[in-house]
Amino acid sequence: MRYRELGRSGVQVSEVGYGAWGIGASSWVGAREEDSLAALHRAVDLGVNFVDTARGYGESERLVGRVVRERAANGERVRVATKVPPLNGQWPARAGVDPAETFPGAHIRQSLETSLAVSGLERFDLLQFHVWSDEWLGRGDWLETVRELKREGLIGLFGVSINDHEPHSAVELVRSGEVDAVQVIFNVFDQSPLDELFPACEEHGVGVIVRVALDEGGLTGRITADTTFPEGDFRRRYFRDDRPAQVARRVAAITADLGIEPDRLAETALRFVLGAPAVSTVIPGMRTVRHVERNAAVADGVPLDERQLKVLAGHRWERNFYS
């Protein structure tokens with residue numbers, strides 16, 4: 001496992017981190033607690049030292065906290081990030097909404113205290129707002145509260161999870177110097193963070209946590225025109241109507257242009273993400289030991305070559321399957 005600094009924070013994180021949404025059993029059907037715990041432990045065995053969870057991820061914080069505490073008893077340090085949901089329950093953040101409706105100080109503190117109690121942890125290394133709007137800069141008491149929580153030692157760093165496919169919506173925050181890290185969608189299809197967000201992060205020393213590097217499964221090579229998901233599974237909506245067929249056509253074009261088999265696509269997609277200098281860590285969802293071993297192996301320092309990067313740059317496909 002290789003490690004990178006999270007921006008200029010001084011915190012070293014594994015190139016491949018652990019996205020813990022899927023193990024929470026709140027939106028992804030099929031997660032079993034024993035499998036999730038085994039996967040988390042295997043990830044730490046392989047050098048993963050950064051886990052991303054959230055207050056809104058069902059049982060995720062509880063499971064993550066259990067594993068982190070067990071490993072701490074053996075002297076192992078695993079860094080944990082969690083997220084505060086917006087008080088008004090609106091995803092993504094909407095224009096014209098006052099920060100007092102989304103992240104008032106009292107709500108931030110209460111959410112963090114609940115996360116600490118559920119996880120059994122004494123602090124979080126990174127606390128993130130689960131949505132963001134640059135309209136909130138200089139307004140509300142959220143920043144004062146974040147600074148207080150840092151002083152109290154309840155959190156180490158502050159970050160935001162940027163609205164789906166809207167990397168431009170946090171550029172001013174990055175330039176303000178008030179944020180330590182941002183979490184953003186970046187993958188072969190959505191390459192838009194390269195345009196403005198990533199250069200700003202590099203200039204201002206802000207860490208970048210990449211989510212949805214595999215397009216919720218679209219870049220694994222396993223989605224076909226006939227793929228369906230069970231009721232209650234988030235992916236049933238994400239890959240609705242003719243979307244699986246669209247994805248399958250796009251993936252076939254990528255693998256043909258690269259000259260690789262479909263089962264090599266996930267590895268290639270993760271290497272593409274890690275090839276961006278601004279990226280600190282990528283956090284694929286991993287619900288089984290097999291997923292962990294496959295993804296952790298990508299953090300071996302072997303980059304894609306120039307030809308591969310050029311091919312993948314040509315497969316940019318901006319769309320929003322969350323809507």
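## Helix α4 and its neighbour α5

Let's start where G105, I108, R109 and L112 in α4 meet W142, T145, E148 and L149 in α5, a contact here being heavy atoms within 4.5 Å. This is a predicted model, where local features need pLDDT of at least 70 and side-chain atom pairs count only at pLDDT 80 or more, while totals for chains, interfaces and linings use all residues. Residues are numbered from 1 along each chain as its sequence is written, and side-chain values use heavy atoms, with hydrogens and water left out.

By class, the α4 and α5 contact has four nonpolar, two polar and two charged residues. (Ala, Val, Leu, Ile, Met, Phe, Trp, Tyr, Cys and Pro count as nonpolar, Asp, Glu, Lys and Arg as charged, and the others, Gly among them, as polar.) Helix α5 covers residues 142-151, and its axis sits 8 Å from that of α4, at an angle of about 35 degrees. Axes are lines fitted to C-alpha atoms, for helices over the stretch in contact, and angles run from 0 to 180 degrees between N-to-C directions. Helices (H or I, at least four residues) and strands (E, at least two) are DSSP runs, numbered from the N terminus.

## Helix α4 meets α2

Helix α4 (residues 105-119) also packs with α2, at about 55 degrees and with axes 7 Å apart. That makes α2 oblique to α4, oblique being what is left once angles under 35 degrees (roughly parallel), over 145 (roughly antiparallel) and 65 to 115 (roughly perpendicular) are taken out.

On the α2 side, E61, R62, G65, R66 and R69 meet S115, V118 and S119 of α4. Sorted by class, that contact holds one nonpolar, three polar and four charged residues.

## The second largest pocket

Helix α2 (residues 60-72) turns up again here, giving the most to the lining of the second largest pocket, with three residues.

Eight strands form an open sheet in the order β3-β4-β5-β6-β7-β8-β9-β10, with parallel pairing; two strands pair if DSSP finds at least two bridges between them. At the edges are β3 (18-19) and β10 (281-282), each pairing on one side only.

Strand β4 (residues 50-52) pairs with β5 (residues 79-84) over three bridges, and V51 has V80 in β5 as its bridge partner. Helix α7 (residues 197-204) packs on the sheet, touching β8 (181-185) and β9 (207-211), and its direction makes about 165 degrees with that of β8.
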